[in-house]
Amino acid sequence: MFLPTTIEECKKLGWKSLDVILVSGDTYIDSSYIGISVIGKVLLKHGFRVGIIAQPDIKTNKDILRLGEPNLFWGVTSGSVDSLVTNYTASKKWRKKDDYTPGGVNDRRPDRAVIAYTNLIKRFSKDKKPIVIGGIEASLRRVAHYDFWSNKMRGSILFNSKADILVYGMGERAILEIAHNLKNGKSTDSIRGTCIKSREIIDYEYIELPSLDEVKKDKLKYIEMFHLFYQNNDALASKGLYQKHDSRYLIQNPPALYLDQEELDEIYGFDYENELHPYYRKEGKVKALDTIKYSISTHRGCYGACNFCAIAVHQGRTVRWRSEDSIVKEAERMASRKDFNGYIKDVGGATANMYGFECKKKLKLGSCKDKECIYPTICPSLKIDHSAQLNLLDNLRKINGVKKVFITSGLRYDMIIDDKKHGDRYLKNLVDNHVSGQLKIAPEHMVDSVLECMGKPHNDNLVNFKKKFNDLNRKSGQKQFLTYYLIAAHPGSTQKDMAVLKEFTSKELNINPEQVQIFTPTPSTYSTLMYYTELDPFTLKPIFVEKNLRGKEAQKNALIKKEYHNNSNHNKKKNPKESSNHKNRKKDNSRKRGSSKYNRKSDTFDKNVNKNVNKNINKKRRNKKR
Ligand code: SF4
């Protein structure tokens with residue numbers, strides 16, 4: 001069932017008014033992959049009447065008041081991605097295309113969509129019902145953070161948007177509690193998984209973060225703040241936080257408790273249409289639907305904790321997975337659809353092969369604060385075990401009408417190698433049955449010092465894994481290949497490091513890389529912290545950070561150039577570990593999050609370049625917007 005988007009649809013349902021109106025920067029696809037769709041269905045299941053307004057016009061009230069005013073609250077999200085990431089490339093150029101907009105043209109979502117939509121509601125709504133913000137943009141901007149697009153430290157989006165409550169992380173539990181409390185006239189101040197604004201500290205057991213003023217002035221304070229923030233994201237092992245913003249406080253209540261398997265199964269078992277809502281269909285095709293329509297989410301969370309990724313801060317480091325039964329039923333429903341062509345495009349999550357096992361200690365007491373589960377090496381307490389995913393895939397293949405089940409989510413090949421019992425069988429199974437021409441893996445780089453900045457293990461086994469993959473393909477008579485995701489201009493990466501990586505990809509992997517991304521400093525990641533401070537936050541030693549846009553492009557171009565110039569160094573096989581940068585860094589395998597001394601203050605922003613870029617962005621934005 002679609003949630004209503006017009007008054008006429010409400011009338012058909014016999015609803016005279018709505019309890020909650022959800023507003024999104026994406027169009028409305030009814031799918032378990034879309035946040036507003038999931039949140040809307042959870043509220044509906046518990047008796048609340050919910051409507052959806054997608055991509056409203058922000059200049060008039062014609063869209064935002066289309067459904068009237070809600071009885072309880074407005075819910076606002078930028079959509080599946082931060083609006084500035086959706087709108088701009090890593091080089092701060094306007095993106096022309098948008099996979100979440102009908103017609104595919106990027107002309108609907110305003111920059112800082114959460115703030116823009118909250119302002120829109122405040123401008124036109126007369127009832128002044130509370131505004132609850134959530135989704136990735138609100139979640140990752142919930143405390144003071146560095147904003148790459150303005151090149152500034154910004155305060156919590158809760159203050160900047162003037163909304164009333166911020167829901168962070170996976171929002172099902174928090175949003176339900178907010179709805180119930182507002183309905184029953186109870187306080188919404190201390191709900192887990194939310195942030196609020198307060199004139200005073202509401203719980204003295206909460207941990208104080210360095211204030212907005214302090215982190216704006218002092219990069220070391222920002223590093224201290226970020227460690228505390230990162231360490232208090234676990235549902236079982238975290239405390240609440242508070243941070244002074246001028247004369248008021250941002251209060252972050254402890255994270256929401258994770259949904260158990262039964263609850264996850266229920267959420268993924270709702271009657272999703274897996275289609276674009278008819279109201280928006282007339283505006284054109286939505287590209288994102290091609291991928292998500294025939295894909296299945298098997299789990300949430302990721303313990304990879306790569307420094308450039310915010311999944312740990314948003315979804316958590318504990319993997320929670322659906323039951324095999326629930327996933328098989330979803331595949332059966334998919335197979336019974338008339339337009340299903342027999343191919344399930346993906347069965348996975350943030351990292352596909354994290355399905356079906358977890359560290360027992362973590363499940364009982366929460367994530368360790370002083371070490372990571374699979375970095376720099378795999379923790380012995382995490383018993384890697386691919387057997388549950390193998391069983392699941394076997395059963396999915398047996399479903400009537402299913403010809404192929406692909407895994408297109410990323411995989412951790414180091415985990416496959418580490419699983420001595422099932423790893424080889426898993427890889428063979430992948431090669432025989434689940435690769436759609438190419439298998440995606442993400443070594444990201446090859447130079448050890450850069451990998452250490454990324455929080456990725458050294459890629460010592462990559463060539464070995466490639467050999468195994470190729471051998472299996474040869475034996476099964478298939479011509480499948482590996483696709484490697486690589487990052488240019490990550491903090492710590494120099495032009496020389498990219499030359500070493502190029503040499504490695506040419507000589508050892510025999511490829512001209514195509515999947516190369518320039519690092520984007522998105523809010524609330526360790527890599528962004530490094531980008532801004534130019535310090536390794538774990539050792540406080542200075543690191544090289546490429547901030548010049550031409551320099552970033554040059555790093556990418558060094559890797560994707562088609563012809564490898566056979567210069568004098570080329571034939572001399574370089575050890576990737578011997579980059580110039582690496583010599584200056586001491587390998588620290590027992591990396592602990594936080595704690596050490598500051599060596600040098602460093603501020604080498606290319607201010608003029610950034611100023612000009614921002615000027616260009618604003619100019620372009622004005623021209624491009626409706
Ligand atoms: S014991 Fe190991 S696997 Fe378990 S939470 Fe700690 S670091 Fe992760």
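## The sheet

Nine strands, 9 in number, make up an open sheet of mixed pairing, with the order S3-S1-S4-S5-S8-S9-S12-S11-S10. Strands here are DSSP runs of E with at least two residues, and helices are DSSP runs of H or I with at least four residues, both numbered from the N terminus. Two strands count as paired if DSSP finds at least two bridges between them. Because strand S3 (50-54) and strand S10 (207-209) each have a single partner strand, they stand at the edges, and one side of each has no neighbour in the sheet. On average, neighbouring strands of this sheet are turned by 25° against each other, direction ignored.

This is a predicted model, in which local features need pLDDT of at least 70 and side-chain atom pairs count only at pLDDT 80 or more, while totals for chains, interfaces and linings use all residues. Residues are numbered from 1 along each chain as its sequence is written.

## Strand pairings

Strand S1 (residues 20-24) runs parallel to strand S4 (residues 73-77), with 5 bridges between them. Val 23 has Val 76 in S4 as its bridge partner.

S8 and S9 are antiparallel and joined by 3 bridges; Ile 165 stands opposite Ile 196 in S9. S9 is also antiparallel to strand S12 (residues 248-252), through 4 bridges. In S12, Ile 251 is the bridge partner of Ile 196.

## Helices on the sheet

Helix H7 (residues 172-183) lies across S1, S4, strand S5 (131-133), strand S8 (165-167) and strand S9 (194-198), at about 150° to S8. Angles run from 0 to 180 degrees between N-to-C directions, with axes fitted to C-alpha atoms, for helices over the stretch in contact. Contact requires that the C-beta atoms of two residues, placed from the backbone, lie within 7 Å.

Helix H9 (residues 219-231) packs on the sheet and touches S10 and strand S11 (241-245), its direction making about 140° with that of S10.
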